[in-house]
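Keep the viewer open as you read.

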Amino acid sequence: EKANKGGTMKARAATLLAGDDGLNRQYLSILSFDTSSIPDDATITSVVLKVKYAGKAGVIPFSTLRGLYADIQGTFFGSLVNLQLNDFRAAAAGILASKFNSTPIDGWYSASLDPSSFANLDLINTTQFRLRFKLDDNNNQRADYIKFYSGITSNGDNRPQLIINFVRP
């Protein structure tokens, strides 16, 4: 629980986890989006990150773990774009850059990125988000986590979405 280093990872899982397990270890997930198609001269007007509910264990911990957030990192967390254990503790350009609504709409949880974090979008390569609850665990020795569909789920309609609105001069 107190190691702050990450213990396991699943780079090819059909679902993503956020919350804690029965040993009070934190689950978090990394999302990676190709943001290279946004024009360099674009003025970003809004950014929304959406993830689709896929299940849970225990209770969905929005209140007990004080909200689900996304940290942002232009290009990638850690030292490679591919998932690594050190992504768990890697620095982020934007900590708690967006907070997810605790009530889904048609199964989708959404978070609007704070405008101060727009500059952290990488318009040349990728942008990554780290999903996590504000508190790492609730010390109850019970698994309380939510599952979301990942980018490799078989149903493409359920994959995470990054919606970027912008204008050009």
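Where is the place of Asn 139? Asn 139 sits in the loop between β8 and β9. Please keep in mind that this is a predicted model.

**Two asparagines in loops**

The phi angle of Asn 139 is near 55°, which is a positive value in a residue other than glycine. Asn 24 also has a positive phi, near 65°, and it too is a residue other than glycine. You will find Asn 24 in the loop between β1 and β2 (26-27). Is Asn 24 buried or exposed? Its relative accessible area is 3%, and because buried means under 20%, Asn 24 counts as buried. A polar atom of the Asn 24 side chain lies 3.3 Å from the backbone nitrogen of Gln 141.

**The four-stranded sheet**

Next, look for an open sheet of four strands in the order β3-β8-β5-β6, paired antiparallel. The edges are β3 (29-34) and β6 (94-99); each has a single partner strand, so one side of each is left without a neighbour in the sheet. On average, neighbouring strands of this sheet are turned by 30° against each other, direction ignored. As a reminder, strands of a sheet pair through backbone hydrogen bonds, either parallel or antiparallel.

Strand β8 (residues 126-133) is joined to β3 by six bridges, and the two run antiparallel. Within β8, Arg 130 is the residue opposite Ile 30. β8 also pairs with β5 in the antiparallel sense, over seven bridges, and here Ala 70 has Leu 131 of β8 as its bridge partner.

How many of the eight residues of β8 are buried? Eight of the eight are. On one side these are Thr 126, Gln 128, Arg 130 and Arg 132, and on the other Thr 127, Phe 129, Leu 131 and Phe 133, so that both faces of the strand are covered.

**The nonpolar core**

The largest nonpolar core has 30 residues, and those touching the most other members are Leu 49, Phe 100, Phe 129 and Phe 148. Several strands give two or more residues to this core, among them β1 (15-20), β5 (68-74), β8 and β10 (161-167). The largest share, four residues, comes from β4. In soluble globular proteins, nonpolar side chains tend to be buried together.

Leaving aside its neighbours within four places in sequence, its contacts include Leu 49, Val 51, Phe 62, Tyr 109 and Leu 131.

**Aromatic pairs**

The whole structure holds five aromatic pairs.

| Pair | Centre to centre | Angle of planes | Type |
|---|---|---|---|
| Phe 62 and Tyr 109 | 5.2 Å | 15° | stacked |
| Phe 62 and Phe 133 | 5.5 Å | 80° | edge-to-face |

Phe 62 lies in the loop between β4 and β5 and Tyr 109 in strand β7, so their pair ties together parts that are 47 residues apart in sequence. The pair of Phe 62 with Phe 133 in strand β8 links parts of the chain 71 residues apart.

Together with Phe 148, the residues Phe 62, Tyr 109 and Phe 133 form one aromatic cluster.

Definitions and conventions
Residues numbered from 1 in each chain as written. Predicted model: local features only at pLDDT ≥ 70, side-chain atom pairs only at ≥ 80, totals over all residues. Heavy atoms only, no water. Pairing = 2+ DSSP bridges. Axes fitted to C-alpha atoms, helices over the stretch in contact; angles between N-to-C directions. Core = buried A, V, L, I, M, F, W, Y, C linked by side-chain atoms within 4.5 Å. Buried < 20%, exposed > 50% of the residue type's maximum accessible area, 1.4 Å probe, protein only. Contact = heavy atoms within 4.5 Å. Polar contact = N/O pair within 3.5 Å; in protein donor to acceptor, adjacent residues only side chain to side chain. Phe/Tyr/Trp six-rings, centres within 6.5 Å; stacked < 30°, edge-to-face > 60°.
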